[in-house]
Amino acid sequence: MKIIFFGKLRDALGDQSDLAVAEGETVAQLRRRLAELHPVASRDLLNPGVRACVDDMIVGEDFIFGDHDRVEFFPPLSGG
Amino acid sequence: MEVRLVGQPFVADRELAEFTSGLDGEGAVVSFVGIARSLSATGETVERMVLESHPRLTLRSMEQIGQAAIDRFAVSALRIVHRFGTLLPGEPIVFVAAASDHRRAAFEAADYVMDRLKTDALFWKREDTDSGRRWIEPRDDDHVARDRWSEKCPE
């Protein structure tokens, strides 16, 4: 599955990475795995203000991945 | 309603003139222009600002905010223009204009749109200064400003 990062996370981790996601894995579990893989960005990856987006919808921590091909991670927003 | 996400500098005066010329007898227009600052919140000189956006969802979030303003206030026309990409200090970041029969609705709609753009539009803002780069996150007072518009639950 493609993991796509924006903002501060993109700076630390690049645009995207590929990672096999086990069927039944939740957003919370994926975040913890990413944080272990990328200690440099672990604080941001585990920040509850960072939200996950699947199929153009914000999803919660208990969202379970099925046959999705991408997840995006959004740091806190700052427009205007 | 006109909502645009633009990658090049825009001229706020021209936006306002175009907006006003398309009106149909309204008695009030309120506009706001947000401009890239030359100093960071901690006093460093800003060399450039980078506004990162999402390929689909940023424009959608702006349209939702604009529609919410139209649904909520008695405005007959609304324009939102927001930059993305790299901006230099002094360049406009955002333009909002609202028109209504009487002034109150236009003031409130422009204020509401700006408060929500700060916290709810899909942008990520970075300042590159003479002492490094820093990602900007909404401040507590931005959330307080946005929450002013929250509906109260009936008691």
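Colleague: Are H3(B) and H4(B) parallel, perpendicular or oblique to each other?
Modeller: Keep in mind that this is a predicted model. H3(B), residues 103-120, and H4(B), residues 140-147, pack at an angle of about 130°, with their axes 9 Å apart. Angles over 145 degrees would count as roughly antiparallel and 65 to 115 as roughly perpendicular. That is why H3(B) and H4(B) come out as oblique.

Colleague: Which element gives the most to the side of chain B that touches chain A?
Modeller: In that contact, 21 residues of chain B meet ten residues of chain A. The elements of chain B giving two or more residues are H3, strand E7 (123-129) and strand E8 (132-136). The one that gives the most, with five residues, is H3(B).

Colleague: And the sheet in chain B: which strands stand at the edges?
Modeller: It's an open sheet of four strands in the order E5-E3-E7-E8, with antiparallel pairing. Each edge strand has a single partner strand, so one side of each is left without a neighbour in the sheet. The edge strands are E5(B) and E8(B).

Colleague: What is the bridge partner of Arg126(B) in E8(B)?
Modeller: E7(B) and E8(B) pair in the antiparallel sense over five bridges. For Arg126(B), the partner in E8(B) is Trp135(B).

Technical notes
Residues are numbered from 1 along each chain as its sequence is written. Chains are lettered from A and ligands numbered from 1 in the order in which they are written. This is a predicted model: local features need pLDDT of at least 70, side-chain atom pairs count only at pLDDT 80 or more; totals for chains, interfaces and linings use all residues. Axes are lines fitted to C-alpha atoms, for helices over the stretch in contact, and angles run from 0 to 180 degrees between N-to-C directions. Angles under 35 degrees count as roughly parallel, over 145 as roughly antiparallel, 65 to 115 as roughly perpendicular and the rest as oblique. Two residues are in contact if their C-beta atoms, placed from the backbone, lie within 7 Å. Two strands pair if DSSP finds at least two bridges between them.
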